Protein chains: 4
Amino acid sequence: MSQKINVTIWNEFRHEKEKEAVKKIYPEGMHSAIAKGIAADDLNIRTATLDEPEHGLTEEVVENTDVMLWWGHCHHKDVADEVVKRVQRRVLEGMGLIVLHSGHYSKIFKALTGTTCSLKWREVAEKERLWNVAPAHPITQGIGEYFELPNEEMYGEPFGIPEPDELIFIGWFEGGEVFRSGAAFRRGNGKIFYFQPGHETYPVYYNENVLRVIGNAVRWAAPLVRIKDAAPNVEPLEKISPKNVSFGKAGVLQTPEL
Amino acid sequence: MSQKINVTIWNEFRHEKEKEAVKKIYPEGMHSAIAKGIAADDLNIRTATLDEPEHGLTEEVVENTDVMLWWGHCHHKDVADEVVKRVQRRVLEGMGLIVLHSGHYSKIFKALTGTTCSLKWREVAEKERLWNVAPAHPITQGIGEYFELPNEEMYGEPFGIPEPDELIFIGWFEGGEVFRSGAAFRRGNGKIFYFQPGHETYPVYYNENVLRVIGNAVRWAAPLVRIKDAAPNVEPLEKISPKNVSFGKAGVLQTPEL
Amino acid sequence: MSQKINVTIWNEFRHEKEKEAVKKIYPEGMHSAIAKGIAADDLNIRTATLDEPEHGLTEEVVENTDVMLWWGHCHHKDVADEVVKRVQRRVLEGMGLIVLHSGHYSKIFKALTGTTCSLKWREVAEKERLWNVAPAHPITQGIGEYFELPNEEMYGEPFGIPEPDELIFIGWFEGGEVFRSGAAFRRGNGKIFYFQPGHETYPVYYNENVLRVIGNAVRWAAPLVRIKDAAPNVEPLEKISPKNVSFGKAGVLQTPEL
Amino acid sequence: MSQKINVTIWNEFRHEKEKEAVKKIYPEGMHSAIAKGIAADDLNIRTATLDEPEHGLTEEVVENTDVMLWWGHCHHKDVADEVVKRVQRRVLEGMGLIVLHSGHYSKIFKALTGTTCSLKWREVAEKERLWNVAPAHPITQGIGEYFELPNEEMYGEPFGIPEPDELIFIGWFEGGEVFRSGAAFRRGNGKIFYFQPGHETYPVYYNENVLRVIGNAVRWAAPLVRIKDAAPNVEPLEKISPKNVSFGKAGVLQTPEL
């Protein structure tokens, strides 16, 4: 495609305003750091945050997004259900979604996986080494066998997700745990990538490997199609043999609201 | 296990009261027909229906269910969200769930798959032949290469579900369509089986192959474990090397309500 | 990539020389018909056939192939094991492989799947309708909900393959069977697509939908990487704690020939 | 089933005879240690080793085995191809196969996966912690969240296997690597479990968690069916419409030898 990919980076954007330690690292918010970090000619990037009207995710914005990134942490509950449904519907139509770090517990990720998305955790600035277990995958291009983050929050197994369609990274933590730190899913016509790095108190979104993975994931998740949900009542393609039953129609199927 | 499997068969149970054609086939409801059809010494079967208090799915009932069956059609919306969450939580803890026919559009199936669950459909009493594509699977034991239903509602592809963990049956329809008529999923600690047969205007739940598949699925889905959701903050198992960063804790993770 | 994709179309090419019915349809061989049918600026296409030296698949040819197509039928046994291993090794390094029709029983497909690849079959020129069950997949772009072949050999389930990583097409046959007619696999660093159409006595490889699917599959299977097999003995990345066991090295691991 | 499961534990059994360090740990061979370790009333266990005639895996033995265990290391090449095919055929008919440690490079595992099965490795007696990522799976029953081996050979990612149907354990290694240390596959009618622990110079097969996993895996892999390979030429189940093509039969499909 010669057309640019429309990317919307969504961020809760409260830690950066409320906590000095975070503000120092990301004075303009994590969304801005990521936007700068992955900026490229083929990407048309905008950002949106929790405290904007409709969280910055109006019908128009969601309609015109090809790939959405999602970072949230302590305020998942403040995201309106209506907006979550809007985003979910759009993913199932074909939009890509990249869920970052504590976004594992976001309403949108839980709605799309159907599972708890729970995990173990610990915050001692320990080292994580992310092993590339899918070296032929578009998401890992330019990443070597592994990369390291000197300080990261530990996320540990078991991780309450469906078996990923493709496992991309496994994280090794200094404190003794492992985690499926990169996991790819297909849902409806959309692609989803969960990526573990990004605790707010460490400068993870300046790491060039992290940014490269996110940039790769955006291009991988960019949709080829957009297909509206439908449950059509269709005519037979072949001749139906005579039936000796009389059958009453019990009702017309209505496509339920998502 | 010498212990019996506690089975709860849930049915919308309105067509059978409101429509003569359906009442004739299932005078006591589809749930009763299925309960009789799969009755066996190792199963402890109860039923529950939409119009009972809490739809018959009180905390106590759900707590004490190992495998739940679900048939719904025109009144999915009348199922209380709170009850749906209760059932979903229980599946993720380990309960089995068998979703029948038009239950594809139930709130519980959509919540667990995360997808539209949409499909094509047609109601002309046509023949369906279900091909067994997993002859070594517990669910297909005693079923031959295929079985036929002389009259069934057509459900056609594309079916809006995640790629099944195991594809069990593919349906061939007289009118020219195909359908993934038996599909198995693992979600959390629970197993889910979607099974296409069961339109209310045909006597499908008296068919011995259909009953055998359902009975097999109940035993397959019976849980080995029950694991409550948790997101523990854990101590390191290995010594953490000294860090030259000071890191502020940004907040304590709360396990969100499902 | 601005670089062209190097495609090698391999064909058994005996039916076309020996059987009048086939020769009439494909006077220059199926490989030539496919080559013409998918010709495009981004593809650099060559062909190779069984009766050439090394079946036309010399080290040099295989080295310089990005995506290989494979059609074989009655002479799978005549393909030299050494050539099969060469192709398998190349797939695992990253080459794409598209296995056509009766190639399901080729040595190369069986080697890569590990399974019998058996199926039911019947040759009565019946109609096949291929349902697109993955409308967002690169392989199905430009194909509608389904396409039909007026005459095709029936291939029926159960099909002795591993669960595909992505199911793309399900075939409906006039005579009453179904088949996983399009199935995608990842093996090592390579992508594999099995595609059912192509019985030699019908002009299937002139069908524009079939050609479009093959062309799409070629681009989907084109590799991003080439990674040579290795089993490195590596140094620790972290300090190993003192051990109070003396351990003798039992032997150095040798990477076995494939 | 009241019937016992017929288990055959196959071992290369050369290290134990040739190397003092190994002989001390397993004077009667690893196969004997495992046989004693998993002995139970529902199992009928025999052993077989490389240097017996036909490696102890005669037609009769293989015919009468429900689940086979496989440990090999430096002498994979000495296993006769004919015996490998016999075992592979039997797995595809329904036999379970449990591949242990360096068996990752055995002919039988490579034949069934179709891939290189390569990995990183290091032999410094380091600690491995195996994380249970599938707590509801039959294989992990009785195992807690993780278990540790004080000394194990490191096996590291990327591991050259197809995406497992179910990932069971992820290993954390003291030296900084991770590994998919427990991985379950379905192939044909058989189940396969790869389990990483078991380097010959450490007493791994006396570890109660390791033995419990192996015992669980044996019961999980025990077959429900045995289905001989076939590719039947079948009659139509539905009436075929008249065709205006004359089609010559191009040849009768022969089921190839595996």
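**Notebook: a first look around the four chains**

I started with chain A, whose secondary structure comes to 7 helices and 9 strands. A reminder to myself: this is a predicted model.

**Chain A, overall.** I looked up the extent of the chain next. Along the principal axes, the C-alpha atoms of chain A fill a box of roughly 75 × 40 × 40 Å. Chain A has 258 residues, and 58% of them are buried. I also checked how far along the sequence the contacts reach. Counting contacts in chain A between residues at least 6 apart in sequence, I found that 72% join residues at least 24 apart.

**Strand S1 of chain B.** Then I moved to chain B and picked strand S1, residues 5-11. Is S1(B) mostly covered or mostly open? It is mostly covered, with 5 of its 7 residues buried. Which strands does S1(B) pair with? One is S2(B), residues 43-49, which pairs with S1(B) in the parallel sense over 7 bridges. Within that pairing I noted Asn6(B), whose bridge partner in S2(B) is Asn44(B). Another is S3(B), residues 67-71, which runs parallel to S1(B) and is joined to it by 5 bridges. On this side I found Asn11(B) standing opposite Trp71(B) of S3(B).

**Two helices in chain C.** In chain C I followed helix H3, residues 30-38, to where it packs on helix H7, residues 208-221. The angle is about 75° and the axes are 9 Å apart. Because of that angle, I can call H3(C) roughly perpendicular to H7(C). Which residues meet here? From H3(C) come Ile34(C), Gly37(C) and Ile38(C), and from H7(C) come Leu211(C), Ile214(C), Gly215(C) and Val218(C). Sorted by class, this helix contact has 5 nonpolar residues, 2 polar ones and no charged ones.

**Where chain D meets chain B.** I asked how many residues each chain gives to this contact. Chain D gives 12 residues and chain B gives 12 residues. On the chain D side, I listed 8 nonpolar, 3 polar and 1 charged residues.

**The nonpolar cores.** Last, I went looking for the largest nonpolar core, which has 149 residues. Which members touch the most others? They are Trp70(A), Ile98(A), Trp70(D) and Ile98(D). I took a closer look at Trp70(D). Leaving out residues up to four places away in sequence, Trp70(D) touches Trp10(D), Leu97(D), Ile98(D), Val99(D), Leu100(D), Gly103(D), Ser106(D) and Ile108(D).

Technical notes:
Residues numbered from 1 in each chain as written. Chains lettered and ligands numbered in written order. Predicted model: local features only at pLDDT ≥ 70, side-chain atom pairs only at ≥ 80, totals over all residues. Axes fitted to C-alpha atoms, helices over the stretch in contact; angles between N-to-C directions. Helix = DSSP H or I, 4+ residues; strand = E, 2+ residues; numbered from the N terminus. Parallel < 35°, antiparallel > 145°, perpendicular 65-115°, else oblique. Contact = placed C-beta atoms within 7 Å. Nonpolar A, V, L, I, M, F, W, Y, C, P; charged D, E, K, R; others polar. Buried ≥ 20, exposed ≤ 12 C-beta atoms within 10 Å, placed from the backbone. Pairing = 2+ DSSP bridges. Core = buried A, V, L, I, M, F, W, Y, C linked by C-beta atoms within 7 Å.
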